[in-house]
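This briefing walks through one protein chain, topic by topic. Please keep the sequence and the structure open while reading.

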Amino acid sequence: MNKFFLTTIQKRWVLLALFILLSIFGYYSWRQLSIEAYPDIADVTSQVVTQAPGLAAEEVEQQITIPLERALNGLPGMHVMRSKSTFGLSMITIVFEDGIEDYWSRQRVQERITEVELPFDAVAELDPLTFPTGEIYRYIIESNQHSLRDLTDLQNWVIIPRIKEVPGVADVSNFGGYYHTIPGRDRPAKTGTISYFTG
């Protein structure tokens, strides 16, 4: 032990150089360390959202949620699947095993939901890739002076585009409002000279 201390005292410049190198390496490693205010400790999840305006919760469950669940069963790497059906809305949350990559899992889910044909022109969509700590704000638009149609137009054409312009905003989810429909009627006598497609 005495020999070790004597050697370190005699070669103190080598020891000082080693200490400086270790300090520089430690400072560099500390600067490269990713530090987040709210670290993401959540599982890899994907959420499938389907809007079906006008359907009761039981109808949403039977005609939308259950067919989607059947299609999503057996996904590779799936740990658990939860669903919630409310008035006009179906939400299915799929939690994947640890180590599964986000984009890979979303691709598998997208492949499955595109195969399902849903009634009432309902379309199943994946929520944007966000994390549980990423939901920032919820709001309601109400007015005593404007109709529901006016408020829906304000939401769709003014508020949502402006919120999406903010850097870091992944998406704005819209629930409710007025759904525009344009009624039409075929007139076979007048369509003989016009080429058009009805879907």
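I24 is a residue of helix α2, which covers residues 12-32. The model is predicted, and the values below are computed from it. I24 counts as exposed because its relative accessibility is 53%, where the cut-off for exposed is over 50%.

- Together with W13, L16, F19 and I20, I24 makes a nonpolar surface patch of about 580 Å².
- In general, nonpolar side chains of soluble globular proteins tend to be buried together.

**Overall layout**

- The protein chain has five helices and four strands.
- Read from the N terminus, the order of the elements is α-α-β-α-β-β-α-β-α.
- Of the 199 residues in the protein chain, 20% count as buried.
- The accessible surface of the protein chain is about 15900 Å², and carbon and sulfur atoms account for 57% of that surface.
- Taking contacts in the protein chain between residues at least 6 apart in sequence, 61% link residues at least 24 apart.

**The nonpolar core**

- The largest nonpolar core has 20 residues, and the members that touch the most other members are V48, I64, L68, L72, I94 and V109.
- At least two residues of this core come from each of α3 (57-72), β3 (89-96), α4 (102-113) and β4 (124-126).
- With five residues, α3 gives the most to this core.
- Which residues does I94 contact, leaving aside its neighbours within four places in sequence? The contacts of I94 are V44, T45, S46, V48, L72, L75, M78, V80, M81 and V109.

**Strands β2 and β3**

- Strand β2 (residues 78-86) pairs with β3 in the antiparallel sense, over eight bridges.

- T65 is placed in helix α3.
- T65 counts as buried because its relative accessibility is 0%, and the cut-off for buried is under 20%.
- Not counting residues up to four places away in sequence, T65 touches V60, S83, S85, S90 and I92.
- S105 belongs to helix α4.
- S105 has a relative accessible area of 0%, so S105 is buried.
- Neighbours within four places in sequence aside, S105 is in contact with V44, S46, F96 and I100.

**Salt bridges**

- How many salt bridges are counted? The count comes to two.
- R108 forms a salt bridge with E111, and the closest N and O atoms of this pair are 3.1 Å apart.
- Both R108 and E111 lie in helix α4, three residues apart, which is about one turn of the helix.
- R108 counts as buried because its relative accessibility is 19%, and buried means under 20%.
- E111, by contrast, is partly exposed, as its relative accessible area is 37%.
- The side chains of K164 and D171 also meet in a salt bridge, at 3.4 Å from N to O.
- K164 is partly exposed, with a relative accessible area of 43%.
- D171 is partly exposed as well, with a relative accessible area of 35%.
- In general, side chains of opposite charge can pair when their charged atoms come close.

**The loop between α4 and β4**

- F120 is placed in the loop between α4 and β4.
- F120 is not a glycine, yet has a positive phi of about 60 degrees.
- Is F120 buried or exposed? F120 is exposed, because its relative accessible area is 56%.
- D121 is also found in the loop between α4 and β4.
- The phi of D121 is near 55 degrees, a positive value in a residue other than glycine.
- D121 has a relative accessibility of 78%, so D121 counts as exposed.

Note on methods
Residues are numbered from 1 along each chain as its sequence is written. This is a predicted model: local features need pLDDT of at least 70, side-chain atom pairs count only at pLDDT 80 or more; totals for chains, interfaces and linings use all residues. Side-chain values use heavy atoms; hydrogens and water are left out. A nonpolar core is a set of buried Ala, Val, Leu, Ile, Met, Phe, Trp, Tyr and Cys residues joined through side-chain atoms within 4.5 Å. Buried means under 20% relative accessible area, exposed over 50%, partly exposed in between (1.4 Å probe, protein chains only). Contact means heavy atoms within 4.5 Å. Two strands pair if DSSP finds at least two bridges between them. Patches are made of residues with over 30% relative accessible area and no salt bridge: like charges are joined within 9 Å, nonpolar side chains (Val, Leu, Ile, Met, Phe, Trp, Tyr) within 5 Å. Accessible areas come from the Shrake-Rupley method with a 1.4 Å probe; for residues, only the protein chains shown count as cover. A salt bridge is a side-chain nitrogen of Lys or Arg within 4 Å of a carboxyl oxygen of Asp or Glu.
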